Amino acid sequence: MKKYIPSPRKYVADQVDLYEKSGGTQGITMSGLPVIIVTHTGSKTGAIRKTPLMTVLDGNNYVLVASQGGAPKNPFWYYNLTANPNVEIRDGVNVYSMKVREIEDEEERQRLWSIAVSAFPPYLDYQKKTERIIPIFLAEHQE
């Protein structure tokens, strides 16, 4: 069984803990907007990692935005998802096994970016703060 390593950021670890211990009924918002918990595998440690992200839906799939608040580097979870695309997404009381793919096609990326910005407008400011193109993943239900 893989070991779970909580985020070194206490507020993130606390939110994941509250979200999961409540069965998805508490800790489900950030900045007043809904969040999901993405459970993924560490690319270096092989351990279980859990990351709260803004809820951005494209139909019944989830758009995952690796913004890190506009930091100059991608968040660690970006590398975990590129190495291990199988994830679990907890959305409130629902939990789904999903597979992610990084969006490379510019037309699809722009469409999903627009959806993400509509769901969480600060993404626009985050992109202005950094020179990197903020990566986007689409988490899709596994057949």
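1. Basis of the note. Because the model is predicted, local features need pLDDT of at least 70 and side-chain atom pairs count only at pLDDT 80 or more, while totals for chains, interfaces and linings use all residues. Residues are numbered from 1 along each chain as its sequence is written, and side-chain values use heavy atoms, with hydrogens and water left out.

2. The largest nonpolar core. A nonpolar core is a set of buried Ala, Val, Leu, Ile, Met, Phe, Trp, Tyr and Cys residues joined through side-chain atoms within 4.5 Å, where buried means under 20% relative accessible area, exposed over 50% and partly exposed in between, with a 1.4 Å probe and protein chains only. The largest such core has 18 residues, of which Val 63, Val 65, Leu 112, Trp 113, Tyr 123 and Ile 136 touch the most other members. Two or more residues each come from helix H1 (10-21), strand S2 (33-41), strand S5 (61-65), helix H3 (106-119) and strand S8 (136-141), and H3 gives the largest share, 4 residues. Helices (H or I, at least four residues) and strands (E, at least two) are DSSP runs, numbered from the N terminus.

3. Leu 112 and the second core. Contact means heavy atoms within 4.5 Å; leaving aside neighbours within four places in sequence, Leu 112 is in contact with Asp 58, Val 63, Ile 103, Ile 136 and Leu 138. A second, separate core holds 15 residues, including Tyr 62, Leu 64, Trp 77 and Tyr 78.

4. Helices H3 and H4. The axes of H3 and helix H4 (residues 122-129) come within 8 Å and cross at roughly 120°, the axes being lines fitted to C-alpha atoms, for helices over the stretch in contact, with angles from 0 to 180 degrees between N-to-C directions. From H3, Arg 109, Trp 113, Ala 116 and Val 117 meet Tyr 123, Leu 124 and Gln 127 of H4.

5. Thr 39 lies in strand S2 and counts as buried because its relative accessibility is 14%. Not counting residues up to four places away in sequence, Thr 39 touches Glu 20, Ile 48, Arg 49, Lys 50, Val 87 and Glu 88. Thr 51 belongs to strand S3 (residues 48-54) and is buried, with a relative accessible area of 14%.

6. Ile 48. Ile 48 is also placed in strand S3, but this residue is partly exposed, with a relative accessible area of 22%. Leaving aside neighbours within four places in sequence, Ile 48 is in contact with Lys 2, Lys 3, Tyr 4, Ile 5, Thr 39 and His 40. The C-alpha atoms of Ile 48 and Arg 111, 63 residues apart along the chain, are separated by 31 Å.

7. Gly 69. Gly 69 sits in the loop between S5 and helix H2 (76-83) and is partly exposed, at a relative accessible area of 24%. Residues up to four places away in sequence not being counted, Gly 69 touches Tyr 126 and Lys 129, and its C-alpha atom is separated by 9.0 Å from that of Thr 130, 61 residues apart along the chain.
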